[in-house]
Amino acid sequence: MSALTSLPRIDLRSDTVTRPTPGMREAMAQAAVGDDVFGEDPSVNALQEKLANMLGFEAALFMTTGTQSNFCGLLAHCQRGDEYIVGQMAHCYRWEGGGAAVFGSVQPQPLTQQANGSLDLAEIEAAIKPDDAHFAKTKLIALENTWGGKVLPQSYLDEFSAFALQKGLGRHLDGARLFNAAVAQANASGTSPYDEAKRIAQCFDSVSVCFSKGLGTPMGSALCGSKELIAKAHRLRKMAGGGWRQAGFMAAAATYALDHHVLRMAEDHQLMQHLAQGLSGIPGLQFESPETNILFIDLVGESKDKGPALQKYLKQAGIDITGFYRLRLVTHLDVDRAAIDRTIATVRQFFNA
Ligand SMILES: Cc1ncc(COP(=O)(O)O)c(C=O)c1O
């Protein structure tokens with residue numbers, strides 16, 4: 001219950017807020033575990049093998065967080081004095097405390113993303129540094145998919161991949177929401193989300209996947225790559241304090257999520273469509289049609305400054321959203337149709353619409 005209303009609380013701030021389902025709790029409780037620092041946790045080993053196979057890589061490494069996974073991925077590609085090209089608004093540049101620069105002396109070269117989250121290949125080409133003592137050595141390009149809920153077009157990924165290979169650059173994907181992208185792509189083409197996830201992943205040399213977002217686990221991410229890259233990442237994870245012990249309880253949750261929570265993400269996407277339809281036509285609200293489970297809303301015109309008041313109004317009605325610079329609403333495992341209907345009605349009440 002919300003403190004301010006007797007109605008159940010609706011948390012649309014992020015897909016990270018989900019609680020494990022009864023099935024997931026059961027899988028965690030039953031997990032066989034061992035000491036993962038000794039490589040002896042059967043549930044961790046099984047998860048790593050499963051994800052690597054699923055996405056078409058030689059190996060995978062279970063990580064505590066997406067930030068740790070991106071960090072180890074970036075530093076597995078880059079040495080001190082190297083650089084990675086990355087989106088100006090990409091999580092692994094902007095929202096991870098500058099970890100690669102702080103701990104790894106790796107220089108980011110941010111580029112403004114295009115509206116769909118992609119990096120223009122001509123701009124990447126222009127940003128690649130010549131082999132000259134003045135410059136850091138360009139080693140890697142990092143993309144994010146989904147980015148702000150948008151799916152990078154597969155045609156772009158194919159082109160990007162060929163381009164990076166031709167330039168001899170590494171390719172890292174922050175696939176925190178890889179499976180959201182895969183589910184949306186599969187929905188459009190009538191294929192399997194698992195096939196689409198592999199198709200996307202195979203455009204990269206390393207892919208970080210989060211289990212604790214749309215997949216609904218309490219914690220955990222994984223980095224996939226070649227055996228050589230994962231061996232480097234393993235050493236880096238140790239340095240980053242990520243040598244964990246009976247992590248199998250969490251790995252079991254992740255395995256359960258890969259088996260049971262991938263296909264159901266289509267429901268989150270449908271609910272987001274329902275939300276967007278319900279909010280459409282309200283004067284002062286501006287947003288693009290959502291592609292997956294995230295909706296960003298800009299307040300415009302006379303409503304330009306109403307963001308904090310709307311957020312407060314929603315909070316009093318037991319509905320949480322985020323609003324740092326744009327309003328953000330996210331659907332996930334713990335949100336149902338009734339919650340979305342209540343959200344639409346409350347926003348409409350606020351605007352008398
Ligand atoms: C796209 C993206 N990448 C990486 C992360 C980092 O994940 P974590 O919070 O587990 O460190 C997030 C977290 O929200 C994210 O949205």
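1. Let's begin with the two domains. The centres of domain 1 and domain 2, taken over C-alpha atoms, lie 28 Å apart. Please keep in mind throughout that this is a predicted model. The domain assignment gives domain 1 as 10–18 + 264–351, while domain 2 covers 31–260.

2. Next, the contact between them. Domain 1 brings 15 residues to the contact, and domain 2 brings 15 residues as well. On the side of domain 1 that touches domain 2, α12 (265–279) and β10 (294–299) each supply at least two residues. The biggest giver on that side is α12, with 4 residues. Sorted by class, the side of domain 1 that touches domain 2 holds 6 nonpolar, 6 polar and 3 charged residues.

3. The C-alpha atoms fill a box of roughly 60 × 50 × 40 Å along the principal axes. For 353 residues, a compact globule would have a radius of gyration near 20 Å, and the chain agrees with this because its own value is 21 Å.

4. How much of the chain is buried? Buried residues account for 47% of the 353 residues. Sequence separation is worth a look too: of the contacts between residues at least 6 apart in sequence, 74% join residues at least 24 apart.

5. Now to strand β10 again, this time for its pairing. An open sheet of 3 strands runs in the order β9-β10-β12, with antiparallel pairing. Its edge strands are β9 (285–286) and β12 (327–330), each of which pairs on one side only. Between β10 and β12, which run antiparallel, there are 4 bridges. If you want a spot to check on screen, Ile297 stands opposite Leu327 in β12.

6. Is β2 largely enclosed or open? Of its 5 residues, 4 are buried, so β2 is largely enclosed by the rest of the structure. Its partner is strand β8 (residues 221–225), joined to β2 by 5 bridges in an antiparallel arrangement. Within this pair, Ala59 stands opposite Gly225 in β8.

7. On to the ligand. Which residues are around the ligand? They are Thr65, Gly66, Thr67, Asn70, His91, Glu144, Asp174, Ala176, Cys210, Ser212 and Ser221. Helix α3 (residues 66–77) gives the largest share of this shell, with 3 residues.

8. The residues around the ligand divide into 7 polar, 2 charged and 2 nonpolar.

9. One last spot, at the start of the chain. Ser6 sits in the segment before β1 (10–11). Is Ser6 buried or exposed? Ser6 counts as exposed because it has 7 C-beta neighbours inside 10 Å.

Methods: Residues are numbered from 1 along each chain as its sequence is written. This is a predicted model: local features need pLDDT of at least 70, side-chain atom pairs count only at pLDDT 80 or more; totals for chains, interfaces and linings use all residues. A residue is near a molecule or strand if its C-beta atom, placed from the backbone, lies within 6 Å of it. Ala, Val, Leu, Ile, Met, Phe, Trp, Tyr, Cys and Pro count as nonpolar, Asp, Glu, Lys and Arg as charged, and the others, Gly among them, as polar. A residue is buried if 20 or more other C-beta atoms lie within 10 Å of its own, exposed if 12 or fewer, and partly exposed in between; C-beta atoms are placed from the backbone. The radius of gyration is taken over C-alpha atoms; the globule rule is 2.2 Å times the number of residues to the power 0.38. Two residues are in contact if their C-beta atoms, placed from the backbone, lie within 7 Å. Domain bounds come from an automatic or database domain assignment. Two strands pair if DSSP finds at least two bridges between them.
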